[in-house]
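Visitor: Hi, could you walk me through this one? I'll ask things as they come to me.
Guide: Happy to, go ahead.

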Amino acid sequence: MAEKMKGKGVIAGIAVGKIMLAGQNLDGYLKDYKPKKKADEKKIAADALIKVAENLQKSIDDFNKKDLKEQAAILEAHRQFVEDPSMSGEIEEQIDKTGSAPRAVLNAYEEKAQLFESMDNEYFQQRAVDMRDVGKRIAKFILGIKEPEIGEGKVVVAGLEIEPSVIAGLPSEKIAGVILGQGSTTSHAIIIAKTRAIPSIVGVGDAIEKMADGDPVIIDGETGDILIRPTDEERASYDVKIKKQEELKAHYAELKELPAITTDGVKVELVANIGSPADVDAANNYGAEGVGLFRSEFVFIGKTDIPREEDQFKEYKAAVEKCNGHLCVIRTMDIGGDKPLPYIQVGQEENPFLGYRAIRISLQRRDLFIPQLKAILRAGKFGKAGIMFPMVINVEEFKAAQKMVEDAKAELVHEGKDYADNVQLGIMVETPAAAVMTPVLAKYVDFFSIGTNDLVQYTLAVDRGNAQIAYLYNHFNPAVLRLIKRTIESANKEGKWAGMCGEMASDPNAAILLMAMGIKELSMSAPSIPKVKERIRNISSSKAKEILDKVMEMEDGNEIKSYLSTIS
Ligand code: PEP
Ligand code: MG
């Protein structure tokens with residue numbers, strides 16, 4: 001019998017492979033290390049920083065050549081962490097304290113990691129893993145430790161924490177699955193796995209310690225089941241599921257080039273949510289017809305200072321170009337709330353989600369907002385870009401943002417820089433106030449994109465991240481559905497378009513309702529596109545309308561949810 005364990009399945013699919021443990025322990029190596037004089041150790045550390053940055057650059061070039069953009073992007077962020085000018089000073093200080101170059105490097109990056117960890121936000125806390133990863137990489141270089149080799153066959157990468165460089169450094173075709181000891185779905189390892197649809201399980205805790213390198217394993221990313229050293233019979237019991245999975249994959253691949261169109265010809269654009277230009281490559285593989293949400297705050301994250309217009313321009317341009325003529329909607333930075341930035345002082349807030357965030361910061365900080373707008377307007381020249389403002393609650397905010405766009409254009413004219421004059425301007429509808437006011441807002445904006453992640457939490461007063469009250473967080477709640485319907489109808493009435501970029505858009509049952517309400521675009525993490533497309537292609541718009549009418553008569557969100565699950 002196999003040793004069985006259970007975690008939380010976060011990316012569906014069956015994976016079969018050999019365990020590859022990530023997160024090597026360096027304690028033994030550090031004990032054996034014989035430090036030289038402090039001045040020599042400082043030279044060793046300085047040389048290692050140069051060498052590791054060079055090695056990373058080689059890997060980045062290599063990945064770029066093979067068109068593995070997302071791996072390249074992660075290593076590029078790591079290279080920046082290595083070359084961060086503040087780090088060499090901190091490492092020298094640590095050498096003065098400890099006398100050992102590898103120890104000093106680990107301590108210096110550990111301090112940075114703890115800074116990230118102290119932030120009240122899961123995404124930023126996860127960047128601590130990146131910092132430790134970089135520190136370890138440099139320390140390993142000094143200690144002369146080679147990275148583990150992968151041999152024949154596929155691996156299931158397992159670790160209490162998995163360093164993003166491990167996933168980024170492995171060829172896609174070699175990784176069958178991921179098992180993460182900790183519970184987070186926003187670790188970089190899981191973010192990459194999601195864009196590549198690699199079956200993944202999180203939250204198995206210390207059970208990781210029962211696994212050994214090379215152990216045969218089966219994981220089910222849907223149920224969270226893990227079977228270490230399965231018997232032949234156990235393996236065979238998964239064969240049916242694996243066969244089904246292969247068939248589904250092949251079927252989804254066939255759907256890639258087909259439009260999301262109902263049996264009677266109503267079309268919905270299926271587009272992708274992204275956090276970096278590299279994500280567009282993965283999205284295109286799933287047949288995305290552009291980008292409905294580029295969360296631009298990710299361009300600001302991990303940097304030690306505000307990114308310059310030029311640096312932002314490069315990122316937006318790359319994303320716009322990769323959309324191959326389709327629209328690329330770039331949301332201006334949504335900082336604050338659950339996404340603080342170390343270099344933007346927000347101060348202590350009682351209710352950060354109701355606080356100084358998103359468009360509220362942008363409108364007060366021209367020094368941040370204007371360079372971002374200029375960068376997006378310039379990028380628009382290389383394809384088709386849209387600008388979207390987050391957390392808008394009234395018409396005044398939109399008008400003020402619109403005025404800033406005009407100011408940004410004037411600066412570009414003055415500087416003689418080329419820009420696109422036809423960039424669409426829209427807003428996220430993610431506050432109840434905006435949703436209620438959509439009949440008025442629709443007169444001014446070019447488009448709405450409904451952000452249900454926040455709209456649900458603000459409408460129902462249910463924190464989107466609070467597991468204790470998760471049972472109340474339901475996008476089918478009738479109050480939420482009414483706000484969504486109102487928003488879509490307001491847009492259509494004014495000849496504007498409405499889309500959705502919250503998680504609800506990736507729910508195939510929700511897609512039917514939204515389509516019947518008249519939505520034009522659904523934006524989601526790319527691996528969800530085929531299943532939503534499949535659902536839309538198998539229904540007529542009149543049937544969808546019938547379902548919607550019935551749903552709008554129902555009084556309870558759970559009743560709606562279970563009704564929809566019976567008709568799928
Ligand atoms: C939303 O609120 O639905 C949304 C898409 O934005 P975010 O998840 O980044 O808050
Ligand atoms: Mg939001």
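Visitor: Where is Met-391 found?
Guide: Met-391 sits in the loop between strand S12 (384–389) and helix H15 (395–415). Helices (H or I, at least four residues) and strands (E, at least two) are DSSP runs, numbered from the N terminus. Before we go on, this is a predicted model, in which local features need pLDDT of at least 70 and side-chain atom pairs count only at pLDDT 80 or more, while totals for chains, interfaces and linings use all residues. Residues are numbered from 1 along each chain as its sequence is written, chains are lettered from A and ligands numbered from 1 in the order in which they are written, and side-chain values use heavy atoms, with hydrogens and water left out.

Visitor: Thanks. What is the phi of Met-391?
Guide: Met-391 has a positive phi of about 65 degrees, although it is not a glycine.

Visitor: Is Met-391 buried or exposed?
Guide: Met-391 counts as buried, at 1% relative accessibility. Buried means under 20% relative accessible area, exposed over 50%, and partly exposed in between (1.4 Å probe, protein chains only).

Visitor: And Ala-461, what is its phi?
Guide: Phi of Ala-461 is positive too, near 55 degrees, and this residue is also something other than glycine. Ala-461 is in the loop between helix H18 and helix H19 (478–493). With a relative accessible area of 68%, Ala-461 is exposed.

Visitor: Let's zoom out. Which strands make up the closed barrel?
Guide: The closed barrel has eight strands, running S9-S10-S11-S12-S13-S14-S15-S16 with parallel pairing. Two strands pair if DSSP finds at least two bridges between them. From one strand to the next, the twist averages 25 degrees. Axes are lines fitted to C-alpha atoms, for helices over the stretch in contact, and angles run from 0 to 180 degrees between N-to-C directions.

Visitor: How many bridges join S12 to S13?
Guide: Four, and the two strands run parallel. Ile-387 stands opposite Leu-425 in S13. H15 packs on the sheet there, touching S12 and S13, and its direction makes about 145 degrees with that of S13. Contact means heavy atoms within 4.5 Å.

Visitor: What about S14, which way do its residues point?
Guide: From strand S14 (residues 447–450), Phe-447 and Ser-449 point one way and Phe-448 and Ile-450 the other way, and all are buried. On one side, S13 is joined to S14 by four bridges, running parallel, with Ile-427 opposite Phe-448. S14 also pairs in the parallel sense with strand S15 (residues 497–500) over four bridges, where Ala-498 is the bridge partner of Phe-448. H19 lies across S13, S14 and S15, at about 165 degrees to S14.

Visitor: Switching topic: what coordinates the magnesium ion?
Guide: Glu-430 (OE) and Asp-454 (OD) coordinate the magnesium ion (ligand 2), at 2.0 to 2.1 Å. Glu-430 lies in the loop between strand S13 (424–429) and helix H16 (432–436) and Asp-454 in helix H18 (residues 452–460), so the pair ties together parts that are 24 residues apart in sequence. Both residues, Glu-430 and Asp-454, are buried. Donors here are N, O and S atoms within 2.8 Å of the metal (3.2 Å for Na, K and Ca); water is not among the atoms, so sites may look incomplete.

Visitor: Last one: where does Lys-520 lie?
Guide: Lys-520 lies in the loop between helix H20 (508–517) and strand S16 (521–524), and at 39% relative accessibility it counts as partly exposed. The C-alpha atoms of Lys-520 and Lys-267 are separated by 7.6 Å, though these residues are 253 apart along the chain. Leaving aside neighbours within four places in sequence, Lys-520 is in contact with Val-268, Glu-269, Asn-492, Trp-497 and Ala-498.
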